[in-house]
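The sequence and structure are shown first.

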Amino acid sequence: MIEARDLSARLGGRAVVDRVSFTIEPGASFGIIGESGSGKSTLLRAIAGLVPSAGGTLAWEGGAMTALGARERGRKLQLVFQDPYGSLHPRHTVERALAEPALIHGLGDIARRVAAALDAVGLGARLRFRYPHQLSGGQRQRVAIARALMLEPRLLLLDEPTSALDVLAQAELIALLQRLRAERGVAYLLVSHDLAVVAQLVDAVAVMQEGRIVERLAVAALRAGEAHHPHTLSLIEASLGYRRRAG
Amino acid sequence: MSALLEIEDLHVSFGTAEAVRGASFAMGRERLALVGGSGAGKSLIGRAILRLLPAGASMTAARMNFDGIDLLAAGPREMRALRGRRIGWVLQDPKFSLNPVMSVGTQVEEMLRLHRRLDRRAAREEALALLESVWLREPARVHALYPHELSGGMGQRAMIAMMLAGEPDLLIADEPSSALDAGAALQVLAVLDDLVARRGMGLLFISHDLTLVEGFCDRVMVIEAGSIVESCDAAALGEARHPYTRRLLAARPRLEAAP
Amino acid sequence: MSLAHPDAYEPASSLAARLTGAAETARALAADRSALAGMVIVTLLILAAAAAPLLAPYDPNAQDLALRLAPPGAAHWLGTDELGRDVLSRLLAGSRITLAVVALIALTVPAAGLAVGCLAGFAGGIVDAVLMRIADVFLAFPRLILALALVAAMGPGLSHALIAIALAAWPPYARLARAETMAIRERDFIAAARLSGASPARLLLLHIAPLCLPSLIVRASLDMAGVILTAAGLGFLGLGVAPPQAEWGAMIAAGRRFMLDQWWVAAAPGVAIAVATLGFNLLGEGLRDVLDPRQR
């Protein structure tokens, strides 16, 4: 469905994404793990067209992604940002934020669509006229997901969606994302530094280090610790938690 | 263990809304974790101890003693003498707690000269030693860097170095690793582990992640909606009975376990 | 402290949500004593100007040479000027001029500055450079000097004075809007709107410009004090409205000759200017405290 080949991107002169290639089939889910600064967020933004690519190709169902305009691209894929506080317009109510994609694309029946979107992410309709500063972090992130689903994209890009949430809100959001994928068959491309979170949501992962993919493995292998590249092994080690020194 | 910090019946309110309801605990030179979801009031407790509550907040307590000093009765000058010098405070995001227009070294030296009255040369040497003690490789290079040139983990360790300049007896760490990825978080925890053990400091570790503190602290307190609902040894967390504690324990996904 | 609102009240519509937000802003503003004082002063100014014909005890232009330079008393509360005209009535009439200047400037200049600044900040590149250089030209002149030069070129009169003040006043708003736009355009919610397919025009009008408004409103309130002074200054120099129309600055100029013995002729409009300026300053500062932190 989506295929990247030797995709590169630069930020401020530096090659932050360096010849990355991957393929995602419809309905599949794929994770990219790495430390901060490994380029994974920039990779997502490059796929979404928010950051210009500095080389390589990106194909959607065989055709070049660049052939699709920004509007068309928005109906194929959407992005959920990391920071729930920054991804919603501070002066727009939840209703307004959700209606925006539908208004832009001239979709009718806005009120019903908004209500359906809120319902899908488990938020009550009574939150419709709240402003972002009146919502908790977990609620904001759900609104962001609802907004991403308004145009019914086939691929959802998720940039560390739970990193800014506390452990309870994170668990709820993971459950929500699992349910949505089962219900809608939308594909996920999930980026995170938290291996445990990624393992809950995807079938296969690629490990990024300094802009390059250094290893690819299935989630089962990740869980079993059967990795080969030293960076992957160190990431797995780190995710097992802190072991206190004796004494 | 003699009590380093004693809090009895602490209440913090914003107008009529109570954010902390009657918190009571005592700690010595040990590692005590304070765990709860966001908005549970845990940061407020840390701030109340330092008497640095945000505007609009008011607090009352039956007792609040630090090493025999009555924190409730202490005036502004006394509190200033305590903060940094005897009680250190590490926050979540070094981007917001480090001064962006001063180099790291300058900030550490400022703390040293303020709290230990060192002259310029001694302060510089001590600053380099502190940066080394938080495992920042090439301390001389980091000394000259500005906060925006540091990664999250490095910034957090620089913050710890600053807070240790006064040689405090108690360190309050408010979600020190929450903004970091797993590798950097482990490094910061290792640094804290090492320093707390070596200097015999008390550590009040505020976090939302119960499984994280399970392996790191001696005792754990769980706070829900402003009230402390459970208090036990970290080793005994598996047998914790309060439903909120069990929720927190179950919430953290584990890599080894299939969903 | 992110959940500042109990679930007890849930706005039932978009209008209700906006009104609730506005009510909270008003309440916060009223809680600040000096801001409240500012609001009161400005409100009184508006009321006085609106009801001037009704409130004035005498016709502002009616001369009574027998009673010229009469001190404040029962018949004339603020005394009379050198032509026997009631100072209080002229003061009220003059407030209309002042308020007209303030209203016209406040409604047009920030809007123009917002448009230019947002466009410059969003487009960047050559558009930004050209627009900002134009702004720099106007910014380089001290406001009163520029207004003087323009009025001297175009001739005296209220409309010319207004144009002069407006041309001198717009650049700071443009710079402010540009700076805000450049910061806002990097934020995630703008990226999200782009991904939804929003056109640049939509982004500017519906997403970015509304966020620039609070700082422009604050700036405008604080600026009005300066505008009042500039207008009075022009009037003082005889470059504002033509006599015998009452205008505060012109009244001070006329009253200068008698300042030592018949102080009320110049003092009354002087105090009026001072109080009006103070009112806008206090209001502006109060608005800044209330509006700015919310954005973060």
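In the hairpin formed by β1(A) and β2(A), two residues lie between the strands, and Gly12(A) adopts a positive phi near 55°. Strands here are DSSP runs of E with at least two residues, helices are runs of H or I with at least four residues, and both are numbered from the N terminus. The model is predicted: local features need pLDDT of at least 70 and side-chain atom pairs count only at pLDDT 80 or more, whereas totals for chains, interfaces and linings use all residues. Residues are numbered from 1 along each chain as its sequence is written, chains are lettered from A and ligands numbered from 1 in the order in which they are written, and side-chain values use heavy atoms, with hydrogens and water left out.

**The sheet of chain A**

Two strands are taken as paired if DSSP finds at least two bridges between them.

These pairings belong to an open sheet of four strands in chain A, ordered β2-β1-β4-β5 with antiparallel pairing. The edges are held by β2 (14–24) and β5 (63–64) of chain A; each has a single partner strand, so one side of each is left without a neighbour in the sheet. In general, strands of a sheet pair through backbone hydrogen bonds, either parallel or antiparallel.

**The interface of chain C and chain A**

Chain C has eleven helices and zero strands. Its C-alpha atoms fill a box of roughly 75 × 50 × 25 Å, taken along the principal axes.

The contact between the chains (heavy atoms within 4.5 Å) takes 37 residues from chain A and 27 residues from chain C. Together the two chains bury about 2700 Å², of which 55% is on carbon and sulfur atoms. Asp188(C), Leu195(C) and Ser196(C) supply 24% of the area that chain C buries against chain A, more than any other three residues. Buried area is the accessible area (1.4 Å probe) that two parts lose on being put together, summed over both.

The rule finds two salt bridges across this interface, each requiring a side-chain nitrogen of Lys or Arg within 4 Å of a carboxyl oxygen of Asp or Glu. The side chains of Glu100(A) and Arg202(C) form a salt bridge with an N to O distance of 2.7 Å. On the chain C side, the elements that give two or more residues are α1 (14–31), α8 (188–195), α9 (200–236) and α11 (264–295) of chain C. The largest share, seven residues, comes from α8(C).

**A salt bridge within chain B**

Over all chains, a search of the whole structure finds 34 salt bridges. In one of them, the side chains of Glu6(B) and Arg63(B) meet at 3.1 Å, N to O. Glu6(B) lies in strand β1 (residues 5–14) and Arg63(B) in strand β5 (residues 63–66) of chain B, so the pair ties together parts that are 57 residues apart in sequence.

**Confidence**

The model scores ipTM 0.89 and pTM 0.84. The table lists values of pLDDT, the predictor's confidence in each residue, from 0 to 100.

| Chain | Mean pLDDT | Residues at 70 or more |
|---|---|---|
| Chain A | mean pLDDT 88 | 98% of residues |
| Chain C | mean pLDDT 86 | 95% of residues |

Over residues 1–7 of chain C, pLDDT stays under 50.
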